[in-house]
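Please keep the sequence and the coordinates in view while reading.

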Amino acid sequence: MRKNIVAGNWKMNKNLQEGIAFVEELQVALSNVDKINCDVVVGTPFIHLANVSAAINTGLIGVAAQNCADKESGAYTGEVSAAMVASTGAKYVILGHSERRQYYGETDAKLKEKTLLALANGLTPIFCIGEVLEEREAGKQNEVVKAQIENALFNLSAEEFSKIVLAYEPVWAIGTGKTATPEQAQEMHAYIRKTLAEKYGKEVADNTSILYGGSANAANAKELFSNPDVDGGLIGGASLKVETFLPIVQAF
Ligand code: PEP
């Protein structure tokens with residue numbers, strides 16, 4: 001069975017001390033919750049990964065990097081490899097976030113390499129896909145999302161693909177306060193699952209967690225997560241404070 005996951009993406013926010021304080025506070029809060037019905041992940045800047053991982057002693061929170069290099073190792077100044085990420089204790093890596101695609105020129109070809117390296121190093125990719133506003137307005141969202149998946153992931157074997165978590169993030173909804181309606185999210189998630197089933201079969205498709213991202217918050221999470229094909233959320237702004245993140249975790 002696929003997992004429900006609520007993953008925060010801090011982006012370029014929080015210094016080291018703030019990051020550690022956040023996970024310490026979140027751990028205490030989670031230990032006071034009767035039953036947690038999803039995996040909880042925090043996506044921190046690279047430089048916080050080791051300390052944040054070390055600050056988690058309950059197993060209640062997984063740690064994600066927000067990116068990794070498309071090369072294994074070597075003379076790539078400023079880059080951080082998947083092996084380095086894994087060596088910090090992080091278990092996940094967010095790949096293909098629209099901000100990486102938009103501001104740092106990440107192409108499907110690069111993301112294909114990053115995904116292979118993440119998997120080779122035992123990391124779970126949280127692989128982001130989603131259309132921009134003009135594409136949605138032109139009714140092209142399905143073909144855009146399908147191409148992103150096909151170009152970066154469909155080289156994987158079914159066994160490899162079964163280690164991927166997808167995050168559908170309509171770019172027009174990220175950080176804009178504009179959320180996809182629960183119907184729009186469900187429609188796209190069902191389409192993605194159908195696309196996976198055509199390539200890898202029903203079992204792999206049914207076992208793939210597909211998260212929604214885009215201005216999800218405590219007020220809309222329950223309704224979004226109640227859709228049969230929405231298996232959780234990738235949360236930006238609302239993941240920066242425990243008081244706004246915890247209610248999203250509790251929406252499951
Ligand atoms: C994100 O960046 O992945 C995201 C979903 O951001 P926000 O929740 O702020 O829209």
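How far is an oxygen atom of the ligand from a polar backbone atom of G237? In this model, which is predicted, the distance between that polar backbone atom of G237 and an oxygen atom of the ligand is 2.8 Å.

**Ligand surroundings**

- The ligand is surrounded by 14 residues, and the closest of these are K11, H97, E169, G175 and S215.
- G175, one of those closest residues, has a polar backbone atom that lies 2.6 Å from an oxygen atom of the ligand.
- S215, also listed among the closest residues, places a backbone N or O atom 2.7 Å from an oxygen atom of the ligand.

**Largest pocket**

- The largest pocket holds about 420 Å³ of space, and of the 14 residues that line this pocket, those closest to its centre are K11, M12, Q66, R100 and Y104.
- Helix α4, which spans residues 98–103, gives the most to the lining of the largest pocket, contributing three residues.
- By residue class, the lining of the largest pocket consists of six nonpolar, five polar and three charged residues.

**Q186 in helix α9**

- Q186 is placed in helix α9, which covers residues 182–200, and its relative accessible area of 17% falls under the 20% limit, so Q186 counts as buried.
- When residues up to four places away in sequence are not counted, Q186 touches N227, P228, D229 and V230.

**S53 in helix α2**

- S53 belongs to helix α2, which runs over residues 49–55, and with a relative accessible area of 14% S53 is likewise buried.
- Once its neighbours within four places in sequence are left aside, S53 is in contact with V63, T88, G89 and A90.

Key
Residues numbered from 1 in each chain as written. Predicted model: local features only at pLDDT ≥ 70, side-chain atom pairs only at ≥ 80, totals over all residues. Heavy atoms only, no water. Helix = DSSP H or I, 4+ residues; strand = E, 2+ residues; numbered from the N terminus. Buried < 20%, exposed > 50% of the residue type's maximum accessible area, 1.4 Å probe, protein only. Contact = heavy atoms within 4.5 Å. 1 Å grid on protein atoms, 1.4 Å probe; cavity = no way out; pocket = protein on both sides within 12 Å on 5 of 7 lines; lining within 4 Å. Points joined across faces, edges and corners; volume = space filled by probe spheres on them. Nonpolar A, V, L, I, M, F, W, Y, C, P; charged D, E, K, R; others polar. Near = heavy atom within 4 Å. Polar contact = N/O pair within 3.5 Å; in protein donor to acceptor, adjacent residues only side chain to side chain.
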